[in-house]
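Below are some remarks for a colleague who is opening this entry for the first time. Please read them with the structure in view.

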Amino acid sequence: MKLTYLVGLTALLGALASCQSDQETTQTPAPVSSSVYKEAGVGTSAFTPNLAGARAALATSTQQQEVLTYINQARSKPCQCGTTVYPAVPALTLDAQLNAASDKFAVDLATYNYFSHTGRDGSLPWDRMTREGYVWRAAGENIAAGYTTTRAVVDGWLKSPGHCANIMSANFKNVGVGYGYSATSTYKAYWVTDFGTRQ
């Protein structure tokens, strides 16, 4: 009886750990910022990144699809985020408006060499989502910098309780993926995922 319990517990712990990849575990950890989350209401902002003069690269559709795939793989099974176990939840879908909000912000982070959920104009994630026309009832954002691959950045988020909680949240239906790169910025590569559910 005790042996059965231990085997079952070991299997459960193995399943929970499986929301994170075993790949790229040798990469030096890069910074992730505290994730943010908000429900109900709509914010406004005049955030306007200087994309015309930006040297930073935008996310490719391949990068966006890969991040979506890795996030949905994590959501497809129970996952432990810090001390909280989250059940499997439905897959997210990529949203063009959230992609635009994520991409513009990632490029701004790379171009102007800063790392924060607050934009240079004081905007927050939901402000930038609203500006792109996404009318939300739940909104959240993960950011990271310094990761060189899509797999590594998603794994970095999954190892951070707040970011993992955003990834595993049943409150979200859509996601946008942004990437900015600038050789002259501190961390070179900047990643943004904006999560949302429409009103």
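Predicted model: local features only at pLDDT ≥ 70, side-chain atom pairs only at ≥ 80, totals over all residues.

1. The main core. The largest nonpolar core has 28 residues. Within this core, Ile-167, Met-168 and Trp-191 touch the most other members. Helices and strands both supply it: α2 (61-75), β2 (79-81), β5 (136-145), α5 (150-158), α6 (161-168), β6 and β7 each give two or more residues. The largest share is that of α5, with five residues. As background, nonpolar side chains in soluble globular proteins tend to be buried together.

2. Surroundings of Ile-167. Which residues is Ile-167 in contact with, leaving aside its neighbours within four places in sequence? They are Ile-71, Ala-74, Arg-75, Asn-142, Trp-157, Leu-158 and Phe-195. Three of these names, Ile-71, Ala-74 and Arg-75, belong to α2, where they take part in the meeting with α6.

3. Cover of α6. Is α6 mostly covered or mostly open? It is mostly covered, since six of its eight residues are buried. The buried residues are His-163, Cys-164, Ala-165, Asn-166, Ile-167 and Met-168.

4. Packing of α2 on α6. The axes of α2 and α6 are 9 Å apart, and the two helices pack at an angle of about 85°. α2 is therefore roughly perpendicular to α6, as angles of 65 to 115 degrees count as such. On the α2 side the contact involves Ile-71, Ala-74 and Arg-75, and on the α6 side Asn-166, Ile-167 and Met-168. By type, the residues of this contact divide into four nonpolar, one polar and one charged.

5. Asn-113. Phi of Asn-113 is near 55°, a positive value in a residue other than glycine. Asn-113 sits in the loop between α3 (96-112) and α4 (125-131). Its relative accessibility is 36%, so Asn-113 counts as partly exposed.

6. Lys-188. A positive phi also occurs at Lys-188, near 70°, again in a residue other than glycine. Lys-188 is placed in the loop between β6 (174-181) and β7 (189-198). With 35% relative accessibility, Lys-188 counts as partly exposed.

Key. Residues numbered from 1 in each chain as written. Heavy atoms only, no water. Helix = DSSP H or I, 4+ residues; strand = E, 2+ residues; numbered from the N terminus. Buried < 20%, exposed > 50% of the residue type's maximum accessible area, 1.4 Å probe, protein only. Core = buried A, V, L, I, M, F, W, Y, C linked by side-chain atoms within 4.5 Å. Contact = heavy atoms within 4.5 Å. Axes fitted to C-alpha atoms, helices over the stretch in contact; angles between N-to-C directions. Parallel < 35°, antiparallel > 145°, perpendicular 65-115°, else oblique. Nonpolar A, V, L, I, M, F, W, Y, C, P; charged D, E, K, R; others polar.
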